[in-house]
Amino acid sequence: MYRILTAVLLMALVTYIPRALPMTFFKKRLTSRFIRSFLYYVPYAALGAMTFPAILYSTGDLTSALFGMVVALVLAFYEKGLLIVALSAIAAVFLSQILL
Amino acid sequence: MLFRDPDFKYGLKKGIPIALGYIPVAFTFGLLAVSGGIPPSIAVLISLTNLTSAGQFAGTKLIIAGVPLFEIALTTFVINIRYLLMSFALSQKLVPNTSLLKRALISFGITDEIFALAALEKEDTSFSFIMGLLCLPYWGWALGTALGAVICSVLPELVQNAMGIALYAMFIALVVPGSKKSRAVLAVVAIAVTISSLFTWAPWLEQVSAGWSTIIATLAACLAGAIFFPREEV
């Protein structure tokens, strides 16, 4: 039990530290155009890298994942909200697993 | 007063989809932890103190496997390295003069999804907004874990499989509109996706862990973006 609690505490620390260090260290606005451009792209790059190809392995089989992904891409292209896109992708995966 | 702040309320509202998306994922986590012999209370404690998906899944699997503490900490840390970049990006988007204490508080809530929503806001983000934004996802994450830990029976496999795509679909919903409007953003996303694909499928490169793969792909794509498509309004 003691080992588990120590592990949980360590995990919490190594999760918090990378989240807190830059946020508390860079209190001033950096004015470099290069850095500001770089940071502007971070959410897009990070989400892109995290989504693909991981999404293909998120449902247990490739076919249903592809269906879900295509549905999400199409709805996102028409700028539907987060919930609509997520629920439709879930439905697409579910249906393709039943029907195919 | 934080709870009356319109920014807080706006954040709360924006956090609803994230919270709903977190519940099934956390449910799976609760189930995994308890079926590996971790008490339900500890499973919830992990979610309340870690508030991260990939990191706490991996860490908990290692706890169950009886791996040494140092290795658990190191593996979890590597998975979390991406937060350095996200935290850096948010530090530059926060309303100037936000105090150190407030910065330290909201740092706790920088998950992939909360970061993405905050970073893609048009205006600078305030302390109240981020507090509102992380509020519901935080409790959704804990609630989902508790449900998974206590109910402790597997959801029908088909339902569980289908839920697995939820957070990725949200990522797509966040990235595609921006990529549609700007060729620079589209190029950056394409580079990031190409690199992460190489780290998944290319021989030799596939050995790189997911934690490093994400950070390398993000760094390279953003560097390319900053070099080839520097932004006008900065």
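One definition first: a residue counts as buried under 20% relative accessible area, as exposed over 50%, and as partly exposed in between. With a value of 42%, Asp124(B) is therefore partly exposed. Please keep in mind that this is a predicted model.

I will stay with Asp124(B) for a moment. Its side chain meets that of Arg29(A) in a salt bridge, 3.2 Å from N to O. This pair crosses between chains: Arg29(A) sits in the loop between helix 1 and helix 2 of chain A, and Asp124(B) in the loop between helix 7 (112-119) and helix 8 (127-151) of chain B. Arg29(A) has 30% relative accessibility, so this residue is partly exposed as well.

Now the interface as a whole. Chain A puts 69 residues into the contact and chain B 101. About 7800 Å² is buried between the two chains, and carbon and sulfur atoms give 76% of that area. On the polar side, the rule finds 31 residue pairs in polar contact across the interface of chain A and chain B, both residues being at pLDDT 80 or more. Which elements of chain A give two or more residues to the side that touches chain B? They are helix 1 (2-25), helix 2 (33-51), helix 3 and helix 4 (82-99). Helix 2 of chain A gives the most, with 19 residues.

Next, the salt bridges. Over all chains the count is six, and four salt bridges are found across the interface of chain A and chain B. Besides the pair I began with, there is one between Lys181(B) and Glu79(A), whose closest N and O atoms are 3.4 Å apart.

Two other salt bridges have both partners in chain B. In one, the side chains of Lys14(B) and Glu121(B) meet at 3.2 Å, N to O. Lys14(B) is in helix 1 (residues 6-35) of chain B and Glu121(B) in the loop between helix 7 and helix 8, so this pair ties together parts that are 107 residues apart in sequence.

Are Arg82(B) and Asp112(B) buried or exposed? Both are buried. There is also one network, in which salt bridges that share partners join Glu79(A), Lys180(B) and Lys181(B).

That brings me to helix 7 of chain B. How many of its eight residues are buried? Eight of the eight are, and among them are Asp112(B), Glu113(B) and Phe115(B). The cover comes from both chains: it includes helix 2 and helix 4 of chain A, together with helix 1, helix 5, helix 8 and helix 10 of chain B.

Leaving aside residues up to four places away in sequence, Phe115(B) touches Val42(A) and Pro43(A) on the chain A side, and Met86(B), Ala89(B), Leu90(B) and Ile110(B) in chain B. The largest nonpolar core has 94 residues, and those with the most contacts inside it are Val42(A), Ile63(B) and Phe115(B). At least three residues of this core come from each of domain 1 (2-174) and domain 2 (182-234) of chain B. As general background, nonpolar side chains tend to be buried together in soluble globular proteins.

Last, the region around the end of helix 10 of chain B, which spans residues 166-181 and holds Ser179(B). Ser179(B) has a relative accessible area of 10%, so this residue is buried. A polar atom of the Ser179(B) side chain lies 2.8 Å from the backbone oxygen of Val175(B). Beyond its neighbours within four places in sequence, Ser179(B) is in contact with Val185(B), Leu186(B) and Val189(B).

From chain A, Phe77(A) in helix 3 (residues 62-77) touches Val176(B) and Lys180(B). Phe77(A) is partly exposed, at 40% relative accessible area. That is what I have; questions are welcome.

How values were computed: Residues are numbered from 1 along each chain as its sequence is written. Chains are lettered from A and ligands numbered from 1 in the order in which they are written. This is a predicted model: local features need pLDDT of at least 70, side-chain atom pairs count only at pLDDT 80 or more; totals for chains, interfaces and linings use all residues. Side-chain values use heavy atoms; hydrogens and water are left out. Helices (H or I, at least four residues) and strands (E, at least two) are DSSP runs, numbered from the N terminus. Buried means under 20% relative accessible area, exposed over 50%, partly exposed in between (1.4 Å probe, protein chains only). Contact means heavy atoms within 4.5 Å. A nonpolar core is a set of buried Ala, Val, Leu, Ile, Met, Phe, Trp, Tyr and Cys residues joined through side-chain atoms within 4.5 Å. Domain bounds come from an automatic or database domain assignment. Buried area is the accessible area (1.4 Å probe) that two parts lose on being put together, summed over both. A polar contact is a pair of N or O atoms within 3.5 Å; within protein, one must be able to donate a hydrogen and the other to accept it, and residues adjacent in sequence count only if both atoms are side-chain atoms.
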